[in-house]
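Here is a short briefing for a reader new to this structure. Please look over the sequence and the model first.

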Amino acid sequence: MSVVVVFSVSPRICNMAASFDSMNATQLVTGGASLVNKRPIFTNDSKYLLVCVHQKVRIYSVATGKCVQNLIGHSDVVTNVSCNPHNKLQATTCSLDGTVRQWDIIDGALLTTFTFPWPIYSMLVHETFPTDQFYLCKQGIETDGLKTCFTLMQTSADRTKEDAEVIFSQLTGECEKLTVVSGNGEFIAGIDDNFLLLHFLKGKKRPTRFKAGSHPLTCLASHPTKSTVAVGNEAGHIIIITNLHRNIISNLEHWHANRVEDLCFSPEGVFLYSVGHECVLVDWNLEKGVKSFLPRLGAPINHVSCAASNALKAVCLLDNAILILSQNVIQQTIQGISRSKLYYPTSYIPCGLLLDPRTNALVKNGRKGHLHFYNIEDDTSLVSIDITGENYVSGNTLENIRMYTDVVQAAFSMNGDWLATVEEQRAADIRDVQCRVKFWIFDKQKQSFLLNTTVERPHDADVNALEFQPWQKNREGNNPVAVTASLDGKFKVWRYGDNFNNYKKSKCWNCDCVGFYKDAVPSDVSFSSDGSLLSVSFNVTITLWEPDANVLTKTLCHTLSNLPIRKLEFGRGQSSHMLICATSDRITSWNMLSCQVQWSVQLACKLLISDPYSELMASVDSSNKLFVFQAGHSKPLFFMDCRNSIISATFVPRTKSSLGLKEDNLLPWQKHSQLYLMTEEEEIVAIVTKEEADLYNKKQRFQNNLEESLPSTPFAEFLQSHGNRGSGIRKATTDILKKYVGDDTLVKEMVMTPPHILPPVRTLATTFLHSLLLPSDSKREPEVDLSDSEEEEEDMEENSEGSDSEMETTEMKKKVAVEGALVSSLDTQREEIPEKVLAQLSNRSRKQFSYLQTVFSELSIDP
Amino acid sequence: MGEFKVHNGKFFEYMPSGIQCMSYSNHTLAVGRTDGSIDIWKVTEESWYHQKTLPGSEQRNVQCLAWVKGRLFSAGLQGNITEYDLVKLSPKVSHFYGHGFWCMSASHDKSRLAVGCEDGCVRLYKILEDKGVVYERGFQFQKEQIVSLAWHRSGEVIVTGSINNIRVWDVASGQVKQRITTQRLRRRQEVVVWCLTILQDFTIVSGDSQGLTQFWDARTGVSLQSFNSHRAGIFALCVSPNERSVYTAGADPRIVTFSLASTNDRNNREEWTKAWSSHHHFHDVKALSVVDDLLVSGGTDTILRSTALHRLGSDSNSQIIPKRRNDLPFPMKPLVQTAPEANLILCQHQCSVELWRLGSIEKDVRDFADGASISIASGPSKLIEIRSKSGEQIICSALSTCGSWLAYSTVEKIRLYKVTLDPLVLHKVPLIPDSVLPSHQLKFTPDLSKLVSVTNQCSIQLVTLDDLHPILFHTFEPMERPISNMAIPSKGSVMAVTDESGLIKLLNFKDPSKEIQTALPRYKPIISMALNYSGSLLFVVYSDRSMNEFSLHQQTYSKMSPKLAKFCTLQWLGRKQSIVHVEYNQTNDSQLILMDNTSLVVLNKQKRPPDDYEPIYDVSAGSKRGREAPPMSKVKRGREAPPMSKVKRGRQAPPMSKVKRGREAPPMSNVKHGVAVGEKNKVQHGMAACEKYKPLLFAGFLSDPKTILVIERPIRSIYEKLPPAFQTKKFGT
């Protein structure tokens, strides 16, 4: 074994002033926006949900859970959305850009804009308020540097700034939960620390302050009919304050252990819903004094809102999901890219962004112990796989995070058949880390990953790298192989094979071999694209192994940098002979054919990823500069200075369905795959051309009507399917109709008369059905069997030359049946009746149905 | 080195009995307990205090109480209606009926009593003018026993609660007007309507065994509202005088309030709303009563608690959690008598007395640090336990200072014993003359010649002590009102007595023929008083905790009296516990020890009074707890905590002339002086309180004037002896 130390370097440090076409490129936020920052609102018909997402309002259909419309126009964050109480088809929004806008919900069109001189943090609407009068929250003068306080102003659209009347001067807390109007528009309530403030709109009662307990209040809700207000506080108490305009009566209820996040009354005011960090929706029946629970919703809840029909509730989970509940059953889940900030002080995605090769979906850490599959192209969540099988339990204080298990590494095999995960159980005060490797196989029938093998304690220390061998079918052995590297100084090769258990014949993953190099700690592993070479980096040394035989073939080391190697990546495609290794100060490219350094560039590399389907590689340095290069060349193809801190990135292969752009409008290196970056705020950013960005924004505005995007009812679907089958027939039917409408008024009368003028369906139907029954005395031909009826029909069609006309009449009869509002199953039953019998029947029924006579006579005519 | 040694004993296992029922009328609250005794509390505007106890007996169960024009009636499950003599503290007359009585209520015109019987009949009794009641008639029988009953204000309608139903009766005809079947939460489970009441607008409020509080319309029998307010049965219910609030409590000891709130609809209807709830008890609440602006509650946990109502709902700044006051279940008279010369104490239980010898410490212990524990040489030992005949309750007991005489009195008679200590012989004095009446308070004169007894006839009798033939020496002229307190000096011949109105009378017990003219000023009822060693000074504590001192020679306030008034700061008067026991230091007339149920106060009249803002009571409990822990653990092993030495704040500092003039700001010289002596942090005023020992049963000087005896009864050990309470899940446990 020879150690080749290479000094012949071509130190072409790339010139950053290179003339790239990066001027044309922009960053486009395509996903990952938080859906749960503001409280979602149901429309008045409870069919849609309005959700504030950054600068726009998304309208989700309750029936499908899909986004059907976007209200685009605000130039800053939308802080509040509500239905216009004066016009139920309109929505009113307010934004930090200082405008209040009214929209048409159906078209998504902007109707009116009112501009105010300060950013608007919240807004109150009520049907008793005049249309030109606004109650708006702006940021108040800060008394101390710790808390931001808000001021509620009463102002009108045409008045100037000085005329605005201050209603509450100091409100502290989360701005949208600070103020509320009573259900009858009698007063406005606000919270200031542990005081409830009341401002009466009717009568001459002076504003009052009411001390509600000794803990700071967090949220409030008002009863829809009574003068009752419910407030929640930091200690988890809910205080229900009644009789506000007379002697105040208050009642304290306590269930929540942590602070009450949100409160909402049901539209009739019988129930009060409260949510908090316990992941439980509590349903208080205030009159009876009983409460019921909807537990284990998965993540802490920060908003709850109730539809006017009281059938639906929307619950916002802090991991960026909105649950639509109907009678305490989850009906829809609107899932954004789930966020890790809920569980960690900063965003922490240990798995990084992965690509599922099967669906081209982005995969990342989702809910605690889950992997979240996300379709980036239409910004929808696909599936969340529970890896650890643990329920999230909130701590007894908000700061106290309990011990939990999280997925720290994950990898997909080349074709997406296998998924490997590494999970670790961590606690702040426990040093012993429990580690587990799981292998999941994709089940084509269930269309999901099933657990195949669990390896408890695969290593003595943390696993820091996990990689599948690119598996090719023609290769010998044919068994997939994976490699894990750990801080205990060893890397292990895992192979899928026979189970050694004697009792059960199955296949599972077994440890094939263990490798180590001196006493060094492996930092990363990488397979060459054909899977024939495994490279493992130990400190400053790269070792090359033959994975099947587990033989060390070469060690590579250079003296350009003494820093340990952090990332290792083989090139793909044309540059598959190249091995890129990254330390914290430079990127070096090795040529595997010559075992020499091809090039080396000084770059404080933070991220290094490769496109599995092309020879592109991307690197992000510590100052968030993005470089895209090919493994063989040190000159970057593309360079961009990202504004935000990038924590992960991945290449996603381009599919034909995306946008339908011409190739000219794409960045030249992105023709085959699109690069997506994840920022610290856990937003997904794509690098696109300006044309692409324009097109994307245009696409966001839905052109069609809201109603069209709703799914059809089952009956409509049924009709549609039949209609498709017989579109030609329908035309023929209309022809027949025309034929008879011209000369027979009877048919015209029957088909064209509105159904409500016709005789009762009951009388019509029974006689009609009787006429269709087989007469008891008629001899049934033996070949008329239901199972053979199709063949029979075919025979019939062959025999009878006028098969077209027969089909027409069949359809005609169907039409009649539909007109008479007969059940649709009748059609199918009737189709099985041979046409000959039908002809006989029609003759028999001629007497009863004089106006059907002509139709059936047409049937029985032998042309 | 501390000023006092504290001898701390926890061996007296006094067991108070639970509260069964309450009745309030005319500033007097009667509290019936499960052992049949009835406590009478006097309620005044600024304070309320335990006035007297009517002893119970096993033959008389007190299930319910009623005041009728200042007369107290009780009814019980033995089937008796009893009227009490509040002067003699004994039953006046009892009427028996065949069946037990569950409930009783007086009509609003106070002419009749209605009782609900075990056999399912409501019976009416007419209240006679002078004493007792007479049976008038019974209503129609029903199958189930009648558990609760209430009169409508008009006197025409009675509502009764029984098993599974509520009935509305017409008083004139005795017929059922309305029958309401209660809602069942669980099938095949009987619902007992434990308590109900009817409001003036014919709304029935009922509390049942399922924990439901329900509001019904009595005229139609329709349920108006129903609240699942408790998790277990509701036993008690009461209505505020304006009938806008209802309070309920029971086995789930939360007290839940319901208030009338207006609904904002067109006809301005009002409906009941669940308002605040308080969780102050931890065992069944059996009785609730509104006393002026307080809600008083009591139950199996034996503690009478009160909650202020006026803070609630009156204005927009009202608080949600009301202030409360606890009254520990100990009587206002000391249950412990000491014989300092013999190191003996006498502990008075419900039906027995126990004579204990205190433990002793090693002699050579001299120097010990403040707060240090001293190991004991010998623990306390119980010498004698005397049980009263056939379970009669003991009203009072006495032990002579040398421990050679012992006496106790029941409702029936006084019993006197001669005790010889070495060897221990108890000799019962057999022939007490019949003219010696049952006593309410007993004391031996210090020279052991006589037994002084406050009789149940409001007079004072002197009995000469003799082994065989004690004779009635003298009977003083009876006072107009019942005598509440008596003080006898160690030397001298003049004793002081006070009656319930606060009149002080001086009597010469050595030579009863000598009349003493007294003209001592009257202020308020006197709760406790003490005479100094020579019998020249009389220290009194009034019901509002204000203090005063009289000089008996001058027959007027003593010199210290104006200064004592300054000791009564707001902080002192603001505490609600009555002073149970006062004692002069035998060697130093300026030093007194005062005791209430939660604290022990050493008062030095020579020092300056505390300023308004100066803390009397030690707020910082941190160090207190640290000290308390070790003796607690020792008690379990040795049954007596070792005597403790304790610094009483304030050493003998000369009183400052400035102090008298300016109470607002402490004079600078004072601070300097403090620094010079090195007592920067010590409070120098003359009132030193100690809340370390609580609940206190007794605190007083032993023969050594530097030693204080403290008898504690940890409240937790009382609770350990109670039956298991309804368990409620507490978060985080």
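This is a predicted model: local features need pLDDT of at least 70, side-chain atom pairs count only at pLDDT 80 or more; totals for chains, interfaces and linings use all residues.

Chain A holds 10 helices and 57 strands. Chain B and chain A bury about 2,100 Å² between them. Over all chains, the structure holds 38 salt bridges.

**Chain A overall**

- Chain A has 863 residues, and 53% of them are buried.
- Take the contacts in chain A with a separation of 6 or more: 47% of them involve residues 24 or more positions apart.

**Nonpolar cores**

- The largest nonpolar core has 32 residues.
- Leu152(A), Leu196(A), Val231(A) and Ile241(A) have the most contacts inside this core.
- A second core is separate and has 28 residues. Among them are Ile19(B), Val31(B), Ala287(B) and Ala308(B).
- What does Ile241(A) touch, leaving aside neighbours within four places in sequence? Its contacts include Leu196(A), Phe210(A), Ala212(A) and Val231(A). Ser227(A), Thr228(A) and Val229(A) are also in contact with Ile241(A).

**Where chain B meets chain A**

- On chain B, 24 residues are in contact with 28 residues of chain A.
- Carbon and sulfur atoms give 46% of the area buried between chain B and chain A.
- Polar contact joins 4 residue pairs across this interface, counting pairs with both residues at pLDDT 80 or more.
- Three strands of chain B each supply at least two residues of the side that touches chain A: β21 (222-227), β24 (255-262) and β25 (270-278).
- Which strand gives the largest share of that side? It is β25(B), with 6 residues.
- The residues of the side of chain B that touches chain A comprise 14 polar, 7 nonpolar and 3 charged.

**Salt bridges between the chains**

- Side chains of opposite charge can pair when their charged atoms come close.
- Between chain B and chain A the count is 2 salt bridges.
- Glu271(B) and Lys226(A) meet through their side chains in a salt bridge, at 2.5 Å from N to O.
- Glu253(A) pairs with Lys274(B), with the closest N and O atoms 3.2 Å apart.
- Glu253(A) lies in strand β22 (residues 249-254) of chain A and Lys274(B) in strand β25 of chain B, so this pair joins two chains.
- Are these two residues buried or exposed? Both Glu253(A) and Lys274(B) are buried.

**Salt bridges within chain A**

- Glu456(A) forms a salt bridge with Arg436(A), and their closest N and O atoms are 3.1 Å apart.
- Glu456(A) is in strand β38 (residues 448-456) of chain A and Arg436(A) in strand β37 (residues 434-443) of chain A, so the pair ties together parts 20 residues apart in sequence.
- Glu456(A) is exposed, because its relative accessible area of 52% is over the 50% cut-off.
- Arg654(A) forms a salt bridge with Glu692(A), at 3.7 Å between the closest N and O atoms.
- This pair links distant parts of the chain, 38 residues apart. Arg654(A) sits in the loop between β55 (646-653) and β56 (673-679) of chain A, and Glu692(A) in helix α1 (residues 690-700) of chain A.
- Arg654(A) is partly exposed, with a relative accessible area of 22%. Glu692(A) is buried, at 4%.
- Salt bridges with shared partners also join Glu174(A), Lys177(A), Glu234(A), Arg259(A) and Glu261(A) into one network.

Notes: Residues are numbered from 1 along each chain as its sequence is written. Chains are lettered from A and ligands numbered from 1 in the order in which they are written. Side-chain values use heavy atoms; hydrogens and water are left out. A nonpolar core is a set of buried Ala, Val, Leu, Ile, Met, Phe, Trp, Tyr and Cys residues joined through side-chain atoms within 4.5 Å. Buried means under 20% relative accessible area, exposed over 50%, partly exposed in between (1.4 Å probe, protein chains only). Contact means heavy atoms within 4.5 Å. Buried area is the accessible area (1.4 Å probe) that two parts lose on being put together, summed over both. A salt bridge is a side-chain nitrogen of Lys or Arg within 4 Å of a carboxyl oxygen of Asp or Glu. A polar contact is a pair of N or O atoms within 3.5 Å; within protein, one must be able to donate a hydrogen and the other to accept it, and residues adjacent in sequence count only if both atoms are side-chain atoms. Helices (H or I, at least four residues) and strands (E, at least two) are DSSP runs, numbered from the N terminus. Ala, Val, Leu, Ile, Met, Phe, Trp, Tyr, Cys and Pro count as nonpolar, Asp, Glu, Lys and Arg as charged, and the others, Gly among them, as polar.
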